Amino acid sequence: MARVLILFAHPALHRSRVNVSLMDAVQGMEGVTFRDLYEEYPNLHIDFETEQELLLEHDVIVWQHPFYWYSAPAILKEWQDVVLKYGFAYGEGGTKLAGKKVMSALTTGGPEEAYQREGYNRYTMKELLAPFDQTARLCGMEYLEPFVIHGVRQLTDEQIQAWAQRYKQCILELRNL
Ligand SMILES: Cc1cc2nc3c(=O)[nH]c(=O)nc-3n(C[C@H](O)[C@H](O)[C@H](O)COP(=O)(O)O)c2cc1C
């Protein structure tokens with residue numbers, strides 16, 4: 001059974017409809033560690049040693065967050081900047097993450113059709129997620145197909161609950177990889 005670490009980044013959880021439901025669905029699952037980065041580090045002062053330890057203890061990493069300005073909320077970038085160090089994650093001797101898997105779990109305000117060449121966002125999700133994909137690659141990790149929920153503002157409560165169950169299923173599958 002793979003050990004899954006969900007690194008969650010949402011700066012305004014009290015206003016969340018979707019991520020909060022996804023979070024509830026995966027809380028307490030055996031073999032799954034859910035880590036709310038803004039709760040851990042409200043001042044963005046990330047303890048890189050603790051975070052590196054957690055990475056070593058898990059096989060699959062999930063970056064869960066709402067899509068903000070075609071990327072992640074700031075704390076996830078900060079996490080990447082301070083945790084994925086030379087000699088640990090990449091570069092000479094930097095093989096500690098090699099062989100692990102990473103998946104992005106995202107919610108977007110924009111509908112799926114907006115994330116096409118002809119759509120108003122002009123780029124596909126695959127293209128926009130290239131920095132995450134390549135970050136994983138440079139660290140010797142496999143970047144899995146992302147779990148994406150588009151057009152979240154239009155979703156009914158029932159649809160959100162259905163997505164939350166799909167997310168739980170996805171995390172179960174990661175755990176059984
Ligand atoms: C600062 C900010 C930036 C955003 N940028 C994008 C974006 O680039 N693309 C997009 O589709 N939605 C964008 N959105 C919409 C969020 O992705 C959407 O509100 C979020 O996924 C809803 O999830 P929640 O209910 O968990 O908060 C943005 C929202 C905020 C507040």
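Biologist: Why are helices H3 and H4 called roughly perpendicular to each other?

Modeller: In this predicted model, helix H3 (residues 48-57) and helix H4 (residues 74-83) pack at an angle of about 90°. Angles from 65 to 115 degrees count as roughly perpendicular, and therefore H3 and H4 get that description. Their axes are 10 Å apart.

Biologist: Which residues of H3 and H4 meet?

Modeller: On the H3 side they are Phe48, Glu51, Gln52 and Leu55. On the H4 side they are Trp79, Val82 and Val83. The residues of this contact divide into 5 nonpolar, 1 polar and 1 charged.

Biologist: Why is Phe8 called buried?

Modeller: Buried means under 20% relative accessible area. Phe8 has a relative accessible area of 0%, so Phe8 is buried. Its place is in strand E1 (residues 4-8).

Biologist: What is Phe8 in contact with, leaving aside its neighbours within four places in sequence?

Modeller: The residues in contact with Phe8 include Leu13, Met23, Phe34, Tyr38 and Gln64. As for Trp163, Phe8 is 155 residues from it in sequence and 17 Å from it in space, C-alpha to C-alpha.

Biologist: Why do Cys139 and Cys170 count as buried?

Modeller: The cut-off is again under 20%. Cys139 has a relative accessible area of 4%, so Cys139 is buried. Cys170 has 15% relative accessibility, so Cys170 counts as buried too.

Biologist: How many disulfides does a search of the whole structure find?

Modeller: The search finds 0 disulfides. For a disulfide, a pair of cysteine sulfur atoms has to lie within 2.5 Å.

Methods:
Residues are numbered from 1 along each chain as its sequence is written. This is a predicted model: local features need pLDDT of at least 70, side-chain atom pairs count only at pLDDT 80 or more; totals for chains, interfaces and linings use all residues. Side-chain values use heavy atoms; hydrogens and water are left out. Helices (H or I, at least four residues) and strands (E, at least two) are DSSP runs, numbered from the N terminus. Buried means under 20% relative accessible area, exposed over 50%, partly exposed in between (1.4 Å probe, protein chains only). Contact means heavy atoms within 4.5 Å. Axes are lines fitted to C-alpha atoms, for helices over the stretch in contact, and angles run from 0 to 180 degrees between N-to-C directions. Angles under 35 degrees count as roughly parallel, over 145 as roughly antiparallel, 65 to 115 as roughly perpendicular and the rest as oblique. Ala, Val, Leu, Ile, Met, Phe, Trp, Tyr, Cys and Pro count as nonpolar, Asp, Glu, Lys and Arg as charged, and the others, Gly among them, as polar.
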